[in-house]
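Let's take a friendly tour of some backbone and ring details. Have a look at the sequence and the model first, then read on.

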Amino acid sequence: YSRLSVRITPGSVKVNGVPLNVGSHCETPPFDAVVTGTSASKPPYSVQFGGPLQGTVTIPHFKNCGVGENLDPIFNAAISGPQNFNLLTQGELCSVIGAVGCNKQGQPKIPTPIREVTG
């Protein structure tokens with residue numbers, strides 16, 4: 001299980017090349033995502049070494065979108081709803097004993113994304 005929320009950040013939305021002012025609080029309430037991994041995936045998933053976890057989620061409705069006009073309906077129509085694909089990359093476990101899977105500061109290593117999605 002993972003607890004998520006979706007936020008649309010200011011400056012990230014453009015209409016015909018012109019920035020759309022979505023405001024600074026355009027987001028969904030927190031929601032749960034259930035994701036699973038398998039040793040048959042590429043790369044394979046294991047609890048110790050991490051890997052891809054995937055599933056589908058229902059994204060709740062956005063609130064507080066827009067400055068001067070309510071943009072919630074645009075994002076609710078385009079993004080909110082059931083059956084949204086979710087891909088998370090779990091990194092290697094960081095063990096305090098022996099610093100296995102940790103960086104030099106004893107913190108978990110940040111995994112390399114398997115796939116990156118941007119604007």
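A strand here is a DSSP run of E with at least two residues, and strands are numbered from the N terminus. Keep in mind that this is a predicted model.

Now to the backbone. Most residues other than glycine have a negative phi, and most peptide bonds are trans.

| Residue | Phi |
|---|---|
| Asparagine 16 | near 50° |
| Glutamine 83 | near 60° |

Where does asparagine 16 sit? Asparagine 16 is in the loop between β2 (14-15) and β3 (18-19). Its relative accessible area is 80%, so asparagine 16 is exposed, the cut-off being over 50%. Glutamine 83 is exposed too, with a relative accessible area of 62%.

The peptide bond between lysine 42 and proline 43 is cis, with omega about -5°. Proline 43 belongs to the loop between β4 (31-33) and β5 (51-59).

Finally, the rings. The count comes to one aromatic pair. Phenylalanine 62 and phenylalanine 75 form this pair, which is tilted, with 6.1 Å centre to centre and 50° between the planes. Because phenylalanine 62 lies in the loop between β5 and α1 (72-78) and phenylalanine 75 in helix α1, the pair ties together parts that are 13 residues apart in sequence.

Note on methods: Residues numbered from 1 in each chain as written. Predicted model: local features only at pLDDT ≥ 70, side-chain atom pairs only at ≥ 80, totals over all residues. Heavy atoms only, no water. Helix = DSSP H or I, 4+ residues; strand = E, 2+ residues; numbered from the N terminus. Buried < 20%, exposed > 50% of the residue type's maximum accessible area, 1.4 Å probe, protein only. Phe/Tyr/Trp six-rings, centres within 6.5 Å; stacked < 30°, edge-to-face > 60°.
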